[in-house]
Amino acid sequence: MNLEEYKGVFIYAQQVDNQINNIAFELLGKARDLAKTLDTQVTAVLVGSGIRDLADQLAEYGADRVIVVDDPELKDYRTEPYAHALSEVINKFKPEIMLVGATAIGRDLGPTVSARVGTGLTADCTSLDIGDFPLVARPGHEDEQKHNQLLMTRPAFGGNTIATIACPDNRPQMSTVRPGVMQAIQPVKGAKAEIIDFNPGFTPNNKYVEIEDVVKVVSETVDIQKAKILVSGGRGVGSKENFKILQDLADALGGEVSSSRAAVDNGWMPKDMQVGQTGKTVRPQVYFAIGISGAIQHVAGMEESDLIIAINKDETAPIFSVADYGIVGDLNKIVPRLTEMVKARKKAL
Amino acid sequence: MKIVVCIKQVPDTAGGVKFKPDGTLDRGAMLAIMNPDDKAGLEAALRIKDQNGAEVTVITMGLPKADAVLREALAMGADKGILITDRVLGGADTWATSQTIAAGIRNLDYDLIITGRQAIDGDTAQVGPQIAEHLGIPVISYAQDIKIEGDSVVVQRQFEDRYHVLKAKMPCLITALSELNEPRYMTPGGIWDAVDAQITVWGRNDLKDLDDSNIGLKGSPTKIAKASDKVRKGEGTMFKDLDPDAAAASIADVLSEKHII
């Protein structure tokens, strides 16, 4: 494998039902940063059936080039022929970096493609940088240190550890990236990308499975483990009715309401919404603990949240020892004002 | 029919995590259990055995002590256990692991291979699809329901907002979600038999069609640059004497700064 032949940062632009998934825009945002450091181009790979006119959207979100693989065989996602499409793009266009979203599709497509093209794959990354490998050169072996490598950072062991991984001797350097972590750029209206149509040919073989049915699932109850933002209330909320102010904040933020055990025991919230040792373990991007004292059983279920904001009138409440931001005060006054501010700031954007 | 179930012995993540000096995991120092998704995969295989009749072989790769999860599987009702273990296979990433397990499976007859979707230590979900790729058979990942229809499997394949009902001719590989079923307990008789059961042990030399450049730490394209226990959070910021407007504004500022709003 001649590593020098591999150039450019590529992203897999996932689409379902001919709608581009947000992860594609997030990957483009990150790809732009990486490409700038490497002084190279960003290429989006768009695979599907009747999807060519989606390419402009990818341009607006930062793609310099879009490779379009459009074929009737690619109507709904199937590992094969999608893996064939992406593998052949990699073999032909030789990217230095290939990013795929860590979605239910990407975590199937990524491993299959990486095995097919013969490179490593780092799963579910939360941070990507360009740097040296090894991070520090071995004394006397400085010339063995490789520069401009993709350094892929990911949590493992249920979030107990963090590892940074490199793929120094194979190309492309490939990773799946956790949705919701990277930032998309503000789209540039009217931006155009170079569009390259590419069809490697699709001949059904033993790996083509048959889709007998596509069943869309409308979930009835909210799964608090999937929420990115949780507004959680406890005994301090005071009543079932008063959970409305938490719901208002959650609605303004696009999050969900959850609770401590005390609120469930009081009949204010259903058991499904309980966070903690006897409830669910959650790890949202933002966890609001409102009127929750922070018993150890509750903390066990939420301490891995990225950002913890606690509001409580008792400044000795244990919740403040795990909170990133703690506010001592009256939730009944603070929460509604916060909801208004969130709405106002979102509107201003 | 013949079913091969790939299982993994994993450290119980509740028990704390330890590393060796080279940055790879020190599995020997941690408590070990059968990976939950794999256990659901085993249960799915045992239900097919109960209904249609099948021979269920469990295979694992790991340290010699991984023998324990094979015996647990036998006590649940599996028929044969195979342990792939060899010093030269250590430190493998998902590429090298899938190459090695695929080579082991090539020694066997199979109609269906079931793996867990992902293991709770690495959380990669990569080894199952990669085994299928190396063996040249179809993969159906994220299975939430599995049925046998003649020489085919019909599987509900889960996505975020839908599922696909997929039909594949066997042989094929399925990766199982833990919500697929509630795994059975070991039976007392099963435990008794499993203690004395013969476990087949394969080393490097028992694996055919496997290049030395694709095994172990050396054969792994991904390399660990740095690994560490997650650093516990430091002391947070606390605001005590703010009026409600200032308190709300300070939270809104944090949310803006973190790009939440």
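In chain B, 70% of the contacts with a separation of 6 or more are formed by residues 24 or more positions apart, a contact being defined by C-beta atoms, placed from the backbone, that lie within 7 Å. The structure is a predicted model, in which local features require pLDDT of at least 70 and side-chain atom pairs count only at pLDDT 80 or more, whereas totals for chains, interfaces and linings use all residues. Residues are numbered from 1 along each chain as its sequence is written, and chains are lettered from A and ligands numbered from 1 in the order in which they are written.

The model scores are ipTM 0.87 and pTM 0.81. For chain B the average pLDDT, the predictor's confidence in each residue on a scale from 0 to 100, is 91, and 92% of the residues score at least 70. The C-alpha atoms of chain B occupy a box of roughly 70 × 45 × 40 Å along the principal axes. Chain B has 261 residues, of which 49% are buried; burial requires 20 or more other C-beta atoms within 10 Å of the residue's own, with C-beta atoms placed from the backbone. Six helices and 13 strands are assigned in chain B, helices being DSSP runs of H or I of at least four residues and strands runs of E of at least two, numbered from the N terminus.

An open sheet of ten strands with mixed pairing has the order β13(A)-β9(B)-β8(B)-β7(B)-β10(B)-β6(B)-β1(B)-β4(B)-β5(B)-β11(B), where pairing requires at least two DSSP bridges between two strands. Axes are lines fitted to C-alpha atoms, for helices over the stretch in contact, and angles run from 0 to 180 degrees between N-to-C directions. Helix α4(B) lies across β6, β7 and β10 of chain B at about 70° to β7(B).

Between the chains, 66 residues of chain B are in contact with 71 residues of chain A. Elements giving two or more residues to this side of chain B include α3 (94–106), α4 (127–135), β7 (139–149) and α6 (244–257). The largest share, ten residues, comes from α6(B). The residues on this side of chain B divide into 32 nonpolar, 17 polar and 17 charged; Ala, Val, Leu, Ile, Met, Phe, Trp, Tyr, Cys and Pro count as nonpolar, Asp, Glu, Lys and Arg as charged, and the others, Gly among them, as polar.

Chain A is divided into domain 1 (3–197) and domain 2 (224–348), with bounds from an automatic or database domain assignment. The C-alpha centres of these domains lie 36 Å apart. In helix α5(A) (residues 243–253), the buried residues are A:F243, A:I245, A:L246, A:L249, A:A250, A:A252 and A:L253. Their cover includes β14, β15, β16 and α8 of chain A. Just after α5(A), A:G254 adopts a positive phi of about 75°.

Conventions. A residue is buried if 20 or more other C-beta atoms lie within 10 Å of its own, exposed if 12 or fewer, and partly exposed in between; C-beta atoms are placed from the backbone. Two residues are in contact if their C-beta atoms, placed from the backbone, lie within 7 Å.
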